[in-house]
Amino acid sequence: MRRAGLLLAAGIGAYLLILLANFPAAKLADHLQQQYAPLAFHSVSGSVFSGDAARIEHNALVAGPVHWTFRPSGLLQGRLEYHLQGSVMQNPFKGNVGIDLAGSLHAHDVEVALDPASLVEAYSPVGFTTTGRMALRVESLELHDGFPSRLSGHLGWTDAGVTEPVSIELGEVDILLGSEPDRITGEVSNAGDARVAGSLALSASRDYSVDLQLTPGRATSAEVVDFLEAWGQAGPGGSYRLVDNGRL
C-alpha cells in the first residue's frame, strides 16, 4: 500500500513537472510586465524552463535577443532563477538573474562588454569622445523599486582615453562598484601615464556626483594642461581636481 502511494506521488510529481516544463514563457512574461512596469517583452517563445525574447525593454534600457534557461539551484536560496545570455545596448552579456518571494530582483556573476561611447551618450551630462572598450562584471546585485540596494562589482576600461574636447590617454582604468543607502558608488583608479583617481555616485533620484583628481603625465599635451587649469582646481603634485554634480 505504501509502495503504491509512493508511485502515485511520483507520477503526480512527474506530471506537474512536465506541465511546468511546457508552460508558455509568454504567460510568465505577461505576469512580469504587470508586476514590473514599464518592463516590456517582445516576440517571446519557448517555455519557462528555456525560451527566448527578441527584445526586452525597461525605460531606456533595451536588451535582445535574450535566451534563458532555468537554474534549479536558485530554489535553494528561495529564488526563481535563470541564466540569461544575449545582448544589451547591442553588447554581449551573460549572467544569472532571479526573483525572490518578496519580489526583489537579484543578479550575480553578470558579465557585459560595453562601448564607452554608448554610456556617454546615455548617461553623461557632458559630451566627449572616447577610445577603448569596457567590461562590466557584477558579482552581486539586488534591486528594490528598480534601483540597486546592494551592488558589488568592477567596471574595467582598457585603452581608456578621450579624444574630444581634448586628447588624453588614461591607460587601464578600474572602477570598483559598490552601494550605500539610496545610492551606488564607484571608486576610480588607473595605471597609465596620466593618473586619475576619485569617486562617482548616483542616487535613486538620479542625482549624480563626480569628484576626480587627474595628474598629467609626461606625454600629456599642453592643450590638456590648459584645459585642466581652466576647469579644474590645482592640487598637490601638479594634479587637478575635477568636481561636478547635478541630475541626469
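The structure is a predicted model, in which local features need pLDDT of at least 70 and side-chain atom pairs count only at pLDDT 80 or more, while totals for chains, interfaces and linings use all residues. Residues are numbered from 1 along each chain as its sequence is written, and side-chain values use heavy atoms, with hydrogens and water left out.

Four helices and 14 strands occur in the chain; helices (H or I, at least four residues) and strands (E, at least two) are DSSP runs, numbered from the N terminus. Chain totals are listed below.

| Quantity | Value |
|---|---|
| Buried residues (under 20% relative accessible area, 1.4 Å probe, protein chains only) | 31% of the 248 residues |
| Contacts (heavy atoms within 4.5 Å) with a separation of 6 or more that join residues 24 or more positions apart | 33% |

Over residues 4–20, pLDDT stays under 50, and the model has three contacts beyond four places in sequence for them. Where pLDDT is low, the predicted coordinates should not be read in detail.

Helix α2 spans residues 25–35, and its residues Ala25, Ala29 and Leu32 are buried. Seen down the axis of α2, the buried residues fall within an arc of 65 degrees, so they line one face of the helix; the arc is that of the directions from the helix axis to the C-beta atoms. Gln34 and Gln35 are exposed (over 50%) and lie on the face of α2 turned away from its buried side. The cover over the buried residues of α2 includes β1 (40–46), β3 (61–71) and β5 (91–100).

Note on methods
pLDDT = per-residue confidence, 0-100.
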